[in-house]
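Have it open beside you while you read.

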Amino acid sequence: MLKILAGVRPASNVWARALSALALAICVSSGTQAAQASDRVEINAMEYPWSAIGRVNAGGRGHCTGFLISPRHVITAAHCLFDPRAGRWRGPIEIHFIAGYQRDRFILHSKVTSYRRAEAFDYRDGATTRSAVRDWAILTLAKPIGTQAGWLGIKKLDSLMLSRIKAGEALLLQAGYRRDRAHVMTAGWGCQIRGVGQAGSLITHDCSVIKGDSGSPLLLFADGSFFAVGLHVIDLKAPNEESVAGVLSLSLFHPDGGKREAASALAQTSARWRNGQAPKGGSEAAMIPLKTIDSLLVRLGYLQGENLRAKEEARAQALSRFQADKGLPRNGRASVAILGSLLKASTP
């Protein structure tokens with residue numbers, strides 16, 4: 001992920017008013033923003049919604065993260081597609097997307113046939129907040145692997161949702177392939193928004209991210225579903241030396257109030273502003289994240305470690321107790337929605 005070379009200017013619109021209590025002055029960053037590995041938890045990349053997130057391998061010289069927004073389309077950071085050694089943009093044939101990648105598991109993958117990026121983004125400009133808001137690319141895949149991996153819905157992070165996050169009614173998460181664990185997907189959750197810049201286009205939050213996380217989604221769990229609301233593009237550092245992440249708001253792509261070029265690029269895909277899609281039945285990727293749910297039930301004390309593997313009855317009983325404790329409808333069923341509730345309950 002890129003490092004910041006300039007400060008974030010306060011926004012003057014509704015974002016600034018909604019976040020005035022969370023305003024963060026960002027200064028010049030130096031050194032690598034290496035977060036502690038304990039800040040992130042290993043998750044099973046072959047379970048939805050994680051399966052919609054994957055590695056963007058570029059020219060055999062490193063990787064970034066990207067995420068599916070339709071059967072054939074992936075959003076990632078534009079700077080991941082530039083070859084600094086050769087001083088050129090990589091051709092689509094050099095880019096390979098692997099969904100649900102975990103420890104060399106190589107099943108849901110596709111070459112890229114084309115991509116579209118912001119024309120004004122220039123890698124040679126360096127990592128500034130001004131260039132960061134143009135640091136996006138939409139990849140078109142050769143194969144519709146989203147039908148097998150699922151894809152994420154996309155959503156605007158408006159002032160109402162910010163209030164819900166602050167009140168604990170919604171949850172922010174981040175998941176990707178960080179450099180220090182490049183072959184394992186890890187996630188962190190319970191992120192807090194720290195500020196905004198560039199007229200609301202650049203969001204900062206405090207979930208730990210490092211190199212390799214570029215192009216990964218800032219995820220939102222709300223109303224029983226997971227959405228992508230941001231794209232990780234830049235590292236930032238606060239005056240107190242605290243590391244924070246810079247995220248390109250996906251509102252940039254919205255037909256109402258977004259940037260024309262970004263909105264046009266998204267409109268030319270089959271992605272829409274609505275819920276995502278879980279993998280189809282029979283897919284290599286699981287529709288319901290059972291391993292993640294079991295792990296969280298153990299973490300919260302509702303399931304014994306020895307029952308972690310495939311004890312369906314024990315899982316149902318544990319979920320039923322958890323639902324009763326949290327005032328949720330008591331059915332003992334595993335689902336993507338209950339995953340979000342477990343994540344909220346396990347937030348530090």
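Predicted model: local features only at pLDDT ≥ 70, side-chain atom pairs only at ≥ 80, totals over all residues.

1. Every number below is computed from it, and local features were taken up with a pLDDT of at least 70.

2. On the charged pairs, the structure holds six salt bridges. One of them pairs Arg88 with Glu94, with 3.0 Å between the closest N and O atoms.

3. I'd look at Arg164 next. Its side chain meets Asp223 in a salt bridge at 2.9 Å, N to O. This pair links distant parts of the chain, 59 residues apart: Arg164 belongs to helix α4 (residues 159-166), whereas Asp223 sits in the loop between β16 (217-222) and β17 (225-237). Asp223 counts as exposed, with a relative accessibility of 59%.

4. Arg164 also forms a salt bridge with Glu169, at 3.6 Å from N to O. Glu169 is partly exposed, its relative accessible area being 45%.

5. Now the helices, starting with α6 (residues 290-299) and α8 (residues 336-345). Their axes come within 10 Å and cross at roughly 30 degrees. Angles under 35 degrees count as roughly parallel, so that is the label for α6 against α8. The crossing is left-handed.

6. Who makes that contact? On the α6 side you'll find Thr292, Ile293, Leu296 and Leu297, and on the α8 side Ile338, Leu339, Leu342 and Leu343. By class, the residues of this contact are seven nonpolar and one polar, with no charged residue.

7. α6 and α7 pack at an angle of about 60 degrees, and their axes are 11 Å apart. That makes α6 oblique to α7. Here too α6 passes its partner in a left-handed crossing.

8. In the α6 and α7 contact, Leu290, Ile293, Asp294 and Leu297 of α6 meet Arg315, Ala318 and Leu319 of α7. The tally for this contact is five nonpolar, no polar and two charged residues.

9. Taking α6 by itself, which of its residues are buried? Thr292, Ile293, Asp294, Leu296 and Leu297 are. The buried residues of α6 pack against β13 (186-189) as well as α7 and α8. After the helix comes Gly301, with a positive phi near 85 degrees.

10. Last, have a look at Ser114 in strand β9 (residues 108-117). Buried or exposed, or in between? With a relative accessible area of 32%, Ser114 is partly exposed. Leaving aside residues up to four places away in sequence, Ser114 touches Pro92, Ile138, Leu139 and Thr140. Ser114 and Leu139 are 25 residues apart in sequence, yet their C-alpha atoms are 6.2 Å apart in space.

Key: Residues numbered from 1 in each chain as written. Heavy atoms only, no water. Salt bridge = Lys/Arg side-chain N within 4 Å of Asp/Glu carboxyl O. Buried < 20%, exposed > 50% of the residue type's maximum accessible area, 1.4 Å probe, protein only. Helix = DSSP H or I, 4+ residues; strand = E, 2+ residues; numbered from the N terminus. Axes fitted to C-alpha atoms, helices over the stretch in contact; angles between N-to-C directions. Parallel < 35°, antiparallel > 145°, perpendicular 65-115°, else oblique. Left-handed = near helix turned anticlockwise from the far one by under 90°. Contact = heavy atoms within 4.5 Å. Nonpolar A, V, L, I, M, F, W, Y, C, P; charged D, E, K, R; others polar.
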